Amino acid sequence: MAYKFVDNYRERGARKKLVELLKSRGIEDENVLKAIGKVPRHFFFDETFWNQAYKDIAFPIGDGQTISQPYTVAYQSELLHIKKGDKVLEIGTGSGYQSCILLELGANLVTIERQENIYNRTIQILPGMGYRPKFYCGDGSKGIAEEAPYDKIIVTAGAPLVPEILLKQLKVGGILVIPVGDEHSQKMVTVLRMSETDYEKIVLDTFRFVPLVCDQAW
């Protein structure tokens, strides 16, 4: 991975072009676009592959995982409607790129990663970039009850269903964003907690995520 943290005019220019591309694809939230334009995505790539960092594609990061496509990151972030100070649970830290976007949006972020190798890598990279969420290593499908309740929950892996345990950790008025489907494709789902017992589910566009492998999913 890249630990030199070099960010010059070439990379900044590439991010500006990426932001314009995301705008053309329908991303409208100016705060999300500003965050995408600020976070140096190439820091999450080995230097050999830095030329791939600002393409709108997912890219392998090892252990069967990928750094998410920028459009997907922006799309999920926009659905969360994050306000500064919102307590957000991110399930699937992965590379940490989505984490950085959430932090730039003002989230008070708690993030959990199941893969120990990826977790150990990410807890080195993010602080070096100046980002310090609260990290956990473990089964994210169960949430993190001791940190609950959350204003927002984001799941960055595909699940066969919405885990009930996550819904219970969401505040009334809170938002959960999760891709739900089979192992080949998922629909992005937004769940709004309307009351202690009532939830409203909105099914949106089709995506393809790596599977959420854990007790409450695959």
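**Helix packing and local backbone features**

The crossing of α3 and α4 is right-handed, a crossing being termed right-handed if the near helix is turned clockwise from the far one by less than a right angle, and left-handed if anticlockwise. Val73, Gln76, Ser77 and Leu80 of α3 meet Tyr97, Gln98, Ile101 and Leu102 of α4 in this contact, where contact means heavy atoms within 4.5 Å. By class, five nonpolar, three polar and no charged residues take part; Ala, Val, Leu, Ile, Met, Phe, Trp, Tyr, Cys and Pro count as nonpolar, Asp, Glu, Lys and Arg as charged, and the others, Gly among them, as polar. The axes of α3 and α4 (residues 97-104) come within 11 Å and cross at roughly 35°, with axes fitted to C-alpha atoms over the stretch in contact and angles running from 0 to 180 degrees between N-to-C directions.

The model is predicted, with local features requiring pLDDT of at least 70 and side-chain atom pairs pLDDT 80 or more, whereas totals for chains, interfaces and linings use all residues. Residues are numbered from 1 along each chain as its sequence is written, and side-chain values use heavy atoms, without hydrogens and water.

Helices (H or I, at least four residues) and strands (E, at least two) are DSSP runs, numbered from the N terminus. In the loop between α3 (70-80) and β3 (87-91) lies His81, which has a positive phi of about 50° although it is not a glycine. A cis peptide bond joins Ala148 and Pro149, with omega about 5°; Pro149 is placed in the loop between β5 (134-137) and β6 (150-155).
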